[in-house]
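Biologist: I am new to this structure. Please show me how to read it.

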Amino acid sequence: DKEGHTAYLLGTIHTGDNRTAYLPQSIYDAFNASDALAVESNLLDFEKRLESDEALSQAYSASMFFTDGTTLESFLEYPDLYKRTEGLLFAMGYGLYSNSMKPSAAASVIESWYADLFSQFSSDKGVDMRLLKLADEGKKKIYEIEKPKDHFDALTDYSRETQVQILEEATDMKKADSVYSTLYLFELWCQGNEKLLREAVTPVLSENATPEEKAYFEEYMEKMITKRDKVMVKGIKSYLSSGETVFVAVGLAHVIGEGGIIDQLKEAGYTVTLVR
């Protein structure tokens with residue numbers, strides 16, 4: 001900022017293999033020079049926090065499950081889609097909860113399962129989790145940029161039409177396609193190929209999209225990306241003004257996407273320099 005305060009910003013990928021344990025030294029140098037680590041959500045001790053924090057537990061349950069007697073089957077009104085979803089959830093060990101889970105929550109669970117199908121990949125090896133473990137081991141402060149409820153809502157709080165569309169896309173995806181897309185994105189991330197990464201993380205709406213598809217696309221992008229970008233930029237500004245040096249690690253799509261964090265910080269007058 002204009003006062004000379006510095007923050008570091010890393011666009012991460014939420015899954016990975018053993019390579020994420022050996023990041024470029026410049027990343028570790030920046031991390032070690034920082035007073036704190038800031039992430040979207042601190043998943044390191046999430047399950048323990050669910051047990052001890054009633055408000056967090058209630059927010060999580062409300063984002064994942066129907067609490068008013070509604071069932072997934074009745075909400076969807078599409079028997080075939082429900083059967084596909086139920087079959088996948090049973091295969092993953094979620095059979096007991098299949099009919100109480102919200103569509104977008106079920107989609108998130110299915111997509112995460114697909115991402116971890118390839119044996120070498122794991123969310124535990126994602127860059128965010130690696131950095132969280134380093135911060136915990138080094139007794140470094142950890143900040144959550146998003147409030148837990150807001151983070152949950154970004155994944156599941158959508159209109160009925162959008163939730164159905166999200167679930168249809170998740171259940172229609174073949175395992176091989178999901179594994180390939182994860183592999184492709186991860187390889188691009190490892191290479192640091194910004195041009196192809198921008199293309200990979202930027203959803204494109206078809207020119208022939210129907211009004212319904214346009215509405216779904218706009219709602220999804222607003223809640224998943226645009227709204228959260230603003231929260232992240234606000235957080236980075238607050239870290240800079242505090243005088244602390246904070247290492248910010250958030251999903252790559254928020255960092256390099258058009259109109260994302262980097263673009264907004266530049267427009268606000270901050271100096272943004274790429275560390276190569």
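**Charges first**

Modeller: Start with charge. Lys and Arg count as positive, Asp and Glu as negative, and His and the chain ends are not counted. Each charge is placed at NZ of Lys, CZ of Arg, CG of Asp or CD of Glu. In the protein chain, the mean positions of the 29 positive and 46 negative charges lie 4 Å apart.

Biologist: Where do the coordinates come from?

Modeller: This is a predicted model; local features need pLDDT of at least 70, side-chain atom pairs count only at pLDDT 80 or more, and totals for chains, interfaces and linings use all residues. Residues are numbered from 1 along each chain as its sequence is written, and side-chain values use heavy atoms, with hydrogens and water left out.

Biologist: How many helices and strands does the protein chain have?

Modeller: Helices (H or I, at least four residues) and strands (E, at least two) are DSSP runs, numbered from the N terminus. Here there are 14 helices and four strands. The radius of gyration is taken over C-alpha atoms, and the globule rule is 2.2 Å times the number of residues to the power 0.38. The protein chain has a radius of 19 Å, close to the 19 Å from the rule for 276 residues, so it is as compact as a globular protein of that length.

Biologist: What percentage of the 276 residues count as buried?

Modeller: Buried means under 20% relative accessible area, exposed over 50%, partly exposed in between (1.4 Å probe, protein chains only). The buried share is 41%.

Biologist: Which residues have the most contacts inside the largest nonpolar core?

Modeller: A nonpolar core is a set of buried Ala, Val, Leu, Ile, Met, Phe, Trp, Tyr and Cys residues joined through side-chain atoms within 4.5 Å. The largest has 38 residues, and Leu37, Leu131, Phe247 and Val248 have the most contacts inside it. A second, separate core of 26 residues includes Leu81 and Ile166.

Biologist: Is Phe46 buried or exposed?

Modeller: Phe46 is buried, at 13% relative accessible area. It sits in helix α2 (residues 46-52). Contact means heavy atoms within 4.5 Å. Not counting residues up to four places away in sequence, Phe46 touches Leu56, Tyr60 and Phe152.

Biologist: What should I look for in phi?

Modeller: Most residues other than glycine have a negative phi. Glu77 has a positive phi, near 65 degrees. Glu77 lies in the loop between α4 (72-76) and α5 (79-91), and is exposed at 59%. Lys139 also has a positive phi, about 55 degrees. Its loop runs between α7 (127-137) and β3 (141-144). Lys139 is exposed, at 74% relative accessibility.
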